[in-house]
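Dear colleague,

Here is the structure I said I would pass on. My notes follow below it.

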Amino acid sequence: MAENAFPDDLRVAQVRLHQASSELAALCRTLSWSVEPMPGWKGEAHPHTGVVTGGRQDSPGWTGEQREAVERLRAECVALSLTVTTHPYWAGVEREKVVDERMRLKADTEPAAIPALNVDVAA
């Protein structure tokens with residue numbers, strides 16, 4: 001396989017998959033720990049140090065808008081994954097080299113190689 005011989009539509013799908021995955025991860029980091037409202041619990045003190053670990057604050061749950069955003073991004077990631085993995089390009093790659101080529105595609109399209117997104121606006 002020639003270097004960077006991936007079809008444009010495959011590269012575009014992989015780039016968007018990286019972006020959508022990053023957007024989803026950024027969104028999930030901002031959400032409360034429970035989708036549904038749930039009471040928290042106290043942590044436990046270490047018997048020797050007294051340091052309290054574990055425990056959670058109450059979770060207000062996710063808003064309808066947050067749920068929709070997560071659902072949309074997850075669905076987009078699944079659809080893009082299918083687009084990338086079932087692309088006709090892979091039929092022309094020797095079976096023993098598919099994994100290496102797939103990893104090369106991912107590396108060639110990693111976010112470090114493309115413009116950064118504003119992941120604060122995930123939805």
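Predicted model: local features only at pLDDT ≥ 70, side-chain atom pairs only at ≥ 80, totals over all residues.

Gln14 belongs to helix H1. Setting aside neighbours within four places in sequence, Gln14 has contacts with Val84, Arg102, Leu105, Lys106 and Thr109.

Next, the helix that holds Gln14. Helix H1 covers residues 8-30, 23 residues in all, and at 1.5 Å a residue it should span 33 Å. The C-alpha atoms at its ends are 33 Å apart, which agrees with that expectation. Besides Gln14, the buried residues of H1 include Leu10, Ala13, Val15, Leu17, His18, Gln19 and Ala20. Further along H1, Glu23, Leu24, Ala26 and Leu27 are buried as well. What do the buried residues of H1 pack against? Their partners are helix H2 (64-85) and helix H3 (98-108).

Then the nonpolar cores. The largest has twelve residues: Phe6, Leu10, Ala13, Leu17, Ala20, Cys77, Leu80, Val84, Tyr89, Trp90, Val93 and Leu105. At least two residues of this core come from each of H1 and H2. H1 is the biggest contributor, giving four residues. Another core, of seven residues, lies apart from this one, and Leu24, Trp62, Val70 and Leu73 are among its members.

Phe6, a member of the largest core, is worth a look of its own.

Last, the chain as a whole. How many helices and strands does the chain have? There are three helices and two strands, and along the sequence they follow the pattern α-β-β-α-α. The chain has 123 residues, of which 28% count as buried. Among contacts with a separation of 6 or more, 70% are between residues 24 or more positions apart. The chain exposes about 8400 Å², and 56% of that area is supplied by carbon and sulfur atoms.

Regards

Terms used
Residues numbered from 1 in each chain as written. Heavy atoms only, no water. Expected span 1.5 Å × (residues − 1). Buried < 20%, exposed > 50% of the residue type's maximum accessible area, 1.4 Å probe, protein only. Contact = heavy atoms within 4.5 Å. Core = buried A, V, L, I, M, F, W, Y, C linked by side-chain atoms within 4.5 Å. Areas by Shrake-Rupley, 256 points an atom, 1.4 Å probe, with all protein chains shown as cover.
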